[in-house]
Amino acid sequence: MSDILEVKNLSMRFDKKTVFSDLNFNLKKGSTTALLGPNGTGKTTLISILMKMLAPTTGSFKFADGVRLGYVPQFRNIDAEYPLSIEAFVGLNAPTFKKREVKEAIKNQLQETNLYEIRHTRMGEASGGQKQRAYLAQALLDHPNVIILDEATASLDPMAKDELMKLIRHLNEKHNITVLFVTHDVALAQKYMQNYLYLINGHIEQGEMAQFKEAYE
Amino acid sequence: MFAFDFMRNAFLASTFIAITCGTVGVYVVARNFSFLAHTLSEIGFAGAAFAVWLGIGPLWGMLLFTLLGSISVGELSLHSDQKESSISAISALFTGLGVLFLAISGANSNYATNILFGSIVGVDKQGVIQLVVLSVIVLLMIFSIQRSLNFDSFDHIGAVAHGVKTGLVSVIFLIALAMSVSIGAQIVGSLLVFILLTLPPATANYIGKTIGSMIAWSVFFALIGVWLGLYLGFITNLPVTFFIAVIEVVIYLVTYFTHLIKRSL
């Protein structure tokens, strides 16, 4: 399989604090990878660099030609009074005046993420798992072939976690979407991801998820 | 009622103002800018007083001050940890300046009342044209950035993740907000302009589930307020602003309690 992302000697410093230095890794097309590591090791910083929201101090990275990135950030400002329906929320990532194709695309993503039946529920009243699937559906509107999820399961109960992970596996298997899944939940990653990237003490290790336990515990 | 020129002018002007404030207000509420809208109206008061002192139309002084104010306060509120207290400080400073300008301009207290509480019934033909033109400009500004503005206002983090130019959207919106405050103040006065910018959209939040329906409800409630307010003011000879305030508050409270009751069922 060909590489879809190649990272070379990537380093990041804030003032005098080094977050990580000389990271080298690559992601294969169609793979699923857990980005593991304790809190505060720079996982979100690394993602922000890959999303071009932050510039690295040194080093470079390159996505393969034709990559369309989807990104589901860790935190959202959706409180209990948030007014928009799930459908309207997902549709924020589309023109305000929607043509039939756009409406159809939104419908497809709502069905794909199992939200179509409850599309008129307000986001503020949706459960944690439903919200996460709505964030995912919103990102899927761009038809990404690589998707990055930042701690998408962190605040979910076990049932909702499994539902979301099954959905992600489905997207990977059926639509061949490459997945980079940021988490500190090793058990969950072992259940659903093929590969791992382990970010610790400023450097990174790469391998197959099945071997993770032996290597680091 | 419509036999009178001044009532026709008042209805026309307030209709456009209600549409503008109702629309812009949806974003004010979504972006948590209610407090900023309130501060801008106080800055607008100082601007109007400044214009009186210079001897030009209050609307232009208001526009000048609210435009400068919205950009600086907006930047401050985006970047400062002490958001509320810094906005309070600015608000205090400008209210003080407004009082100063009024005092040194020697304007009578009637004038001050008009600036603070509105004087829609005193709007002449030229004033109506100015207000309508400014309203249309604000609506066009909002329309020209609607896709990014919708995404950024209702899902800022998602918008950033999708590469929406949120900084640019924010600046354009702040300009539109400043203009809305200035024109809205012409009818309800600078002290109460935030009523039109916050109450109809806050009410619409409980009813609409899409941005389009929220804007429609917000404009509808704003129109009911100004139309009914003008009518009641005309037949009772009491201040129009009083009626608008009461109508909007009643609509809001009824909707709010209905929402509470529905949710507890």
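**A buried leucine, a pocket and a covered helix**

Good morning. I begin with Leu174(B), which is buried at a relative accessible area of 1%; buried means under 20%, with a 1.4 Å probe and protein chains only. Please note that this is a predicted model, in which local features need pLDDT of at least 70, side-chain atom pairs count only at pLDDT 80 or more, and totals for chains, interfaces and linings use all residues. Residues are numbered from 1 along each chain as its sequence is written, and chains are lettered from A in the order in which they are written.

Leu174(B) belongs to helix H9 of chain B, residues 166-188; helices here are DSSP runs of H or I with at least four residues, numbered from the N terminus. Its C-alpha atom is separated by 9.4 Å from that of Thr66(B), 108 residues apart along the chain.

I turn now to the second largest pocket. Its lining consists of 25 residues, and nearest its centre lie Thr96(A), Lys98(A), Asn150(B), Ile211(B) and Gly212(B). A pocket is an open set of points on a 1 Å grid over the protein atoms alone, where a 1.4 Å probe fits, with protein on both sides within 12 Å along at least five of seven lines; lining residues have an atom within 4 Å of a point. Among the elements that give two or more residues to this lining are helix H3 (100-112) of chain A and helix H11 (211-236) of chain B.

Finally, consider helix H1 of chain A, residues 43-50, where seven of the eight residues are buried. Among them are Lys43(A), Leu46(A) and Leu50(A). Just after this helix, Lys52(A) takes a positive phi of about 60°. Thank you.

Technical notes:
Side-chain values use heavy atoms; hydrogens and water are left out. Buried means under 20% relative accessible area, exposed over 50%, partly exposed in between (1.4 Å probe, protein chains only).
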